[in-house]
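Please examine the sequence and the structure shown below. The paragraphs that follow lead through the model step by step.

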Amino acid sequence: MRVDRRQPIKDERGEISKGKEGKHREQPSGAHLLENSLNFVYISFRTGGVSIALPPKEVRMTIRFEMNEDKAIEVLTWLANEQPGIGAFHVSKVLYYADKEHLNRYGRPVLGDTYIRMEFGPVPSKTYDLIKKEKLKLSVLKKFREAVDVRGGFRHLHPLRAPDMQMLSRTDLECLTNALKKYGTRDFGVLSRISHRETAWAEAPENGPMDYEHMIEQGPNQKEIIQNLKEHSHQIAF
């Protein structure tokens with residue numbers, strides 16, 4: 001719950017607030033419509049002189065996973081052992097397609113990182129930070145430096161040790177292997193164009209997060225699967 005003391009956003013008439021799509025919305029009785037820096041509309045109820053702003057249900061109900069950084073290190077170590085010299089670009093695409101396959105077949109991704117729509121395709125944000133050796137806890141970066149040597153401007157991964165296979169399930173390895181075989185050595189331009197066909201990439205804002213909902217393939221249980229993940233994805237352990 002977020003405390004917000006700002007004034008409600010109104011149009012020229014002082015009656016109606018605008019949402020993300022620029023559409024006018026009537027103010028509910030006893031509440032104000034507020035807009036945060038991400039342009040999401042918040043409904044603010046005044047309680048004891050303080051405005052309590054609650055995000056709308058569609059904002060709260062987004063599929064988001066809590067990535068296990070230790071597991072990410074072992075996945076990168078596994079990739080470096082399986083294909084020494086693999087670059088960050090191919091790592092990003094292999095992880096995306098491994099996550100997508102595992103999500104559709106087994107109900108969760110391999111890592112559950114947040115993918116960002118970048119110019120050349122999906123990029124797993126925290127895993128890429130690991131490869132760049134920045135923005136993470138020093139203890140996490142230390143573990144990664146002891147496992148993988150990253151070389152050159154294209155950030156090629158070379159193993160310094162074997163991966164801890166206890167961190168990877170049989171199905172994790174299955175989907176990682178499938179993705180590595182299919183995408184691990186594809187031409188840069190070809191693989192970039194292939195990734196641009198992904199609905200999750202096409203529907204995401206430029207340089208913004210991609211929605212796991214768009215990674216779930218069409219089928220008779222698609223809506224049920226999406227709803228279940230929206231409610232419970234943050235509880236899934238990796």
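**A guided reading of the model**

Ser-192 is located in helix H7, which covers residues 188–196; here helices (H or I, at least four residues) and strands (E, at least two) are DSSP runs, numbered from the N terminus. The model is a predicted one, in which local features need pLDDT of at least 70 and side-chain atom pairs count only at pLDDT 80 or more, while totals for chains, interfaces and linings use all residues. Residues are numbered from 1 along each chain as its sequence is written, and side-chain values use heavy atoms, with hydrogens and water left out.

Is Ser-192 buried or exposed? Ser-192 counts as buried because its relative accessibility is 5%; buried means under 20% relative accessible area, exposed over 50%, and partly exposed in between, with a 1.4 Å probe and protein chains only. Apart from neighbours within four places in sequence, Ser-192 is in contact (heavy atoms within 4.5 Å) with Phe-89, Glu-119, Phe-120 and Gly-121. Thr-199, in helix H8 (residues 199–203), is partly exposed, with a relative accessible area of 41%. Between Thr-199 and Met-210 there are 9.3 Å in space, C-alpha to C-alpha, and the two are 11 residues apart in sequence.

The chain as a whole provides the setting. The protein chain contains 9 helices and 11 strands, and of its 238 residues 42% count as buried. Among its contacts with a separation of 6 or more, 63% join residues 24 or more positions apart.

The interior comes next. A nonpolar core is a set of buried Ala, Val, Leu, Ile, Met, Phe, Trp, Tyr and Cys residues joined through side-chain atoms within 4.5 Å. The largest such core has 51 residues, and those touching the most other members are Val-75, Leu-76, Leu-79, Val-91, Leu-95, Leu-130 and Leu-157. Helix H3 (residues 88–106) gives the most to this core, with 9 residues. Leu-76 touches Val-91, Thr-127, Leu-130, Ile-131, Phe-144, Val-148 and Leu-157, residues up to four places away in sequence not being counted.

In H4, the buried residues are Thr-127, Asp-129, Leu-130 and Ile-131, and their cover includes H2, H3, strand S9 (121–124), H5, S10 and S11. Lys-133, which follows H4, has a positive phi, near 60 degrees. Helix H5 (residues 138–147) has Val-140, Leu-141, Phe-144 and Ala-147 buried. Seen down the axis of H5, these buried residues fall within an arc of 125 degrees, so they line one face of the helix; the arc is that of the directions from the helix axis to the C-beta atoms. An α-helix has 3.6 residues a turn, so residues three or four places apart point the same way. The buried residues of H5 pack against helix H2 (69–82), helix H4 (125–132), strand S10 (148–151) and strand S11 (156–159).

Those two strands belong to a sheet. The open sheet has 3 strands in the order S7-S11-S10, with antiparallel pairing; two strands pair if DSSP finds at least two bridges between them. Its edge strands are strand S7 (86–87) and S10, each of which pairs on one side only. S10 and S11 run antiparallel and are joined by 4 bridges. Val-148 stands opposite Pro-159 in S11, and Arg-151 has His-156 as its bridge partner in that strand. The two strands form a hairpin with 4 residues between them, and Gly-152 in the turn has a positive phi of about 80 degrees.

Aromatic rings complete the picture. Rings of Phe, Tyr and Trp (its six-membered ring) pair if their centres lie within 6.5 Å, and planes under 30 degrees apart count as stacked, over 60 as edge-to-face and the rest as tilted. The count by this rule is 7 aromatic pairs. One of them joins Tyr-96 and Tyr-97 edge-to-face, at 5.0 Å centre to centre and with 85 degrees between the planes. Tyr-96 is buried, with a relative accessible area of 0%, and Tyr-97 is buried as well, at 8%. Elsewhere, Arg-117 lies over the face of Trp-201, at 3.8 Å from the ring centre; a charge sits over a ring if NZ of Lys or CZ of Arg is within 6 Å of the ring centre and within 35 degrees of the ring normal.
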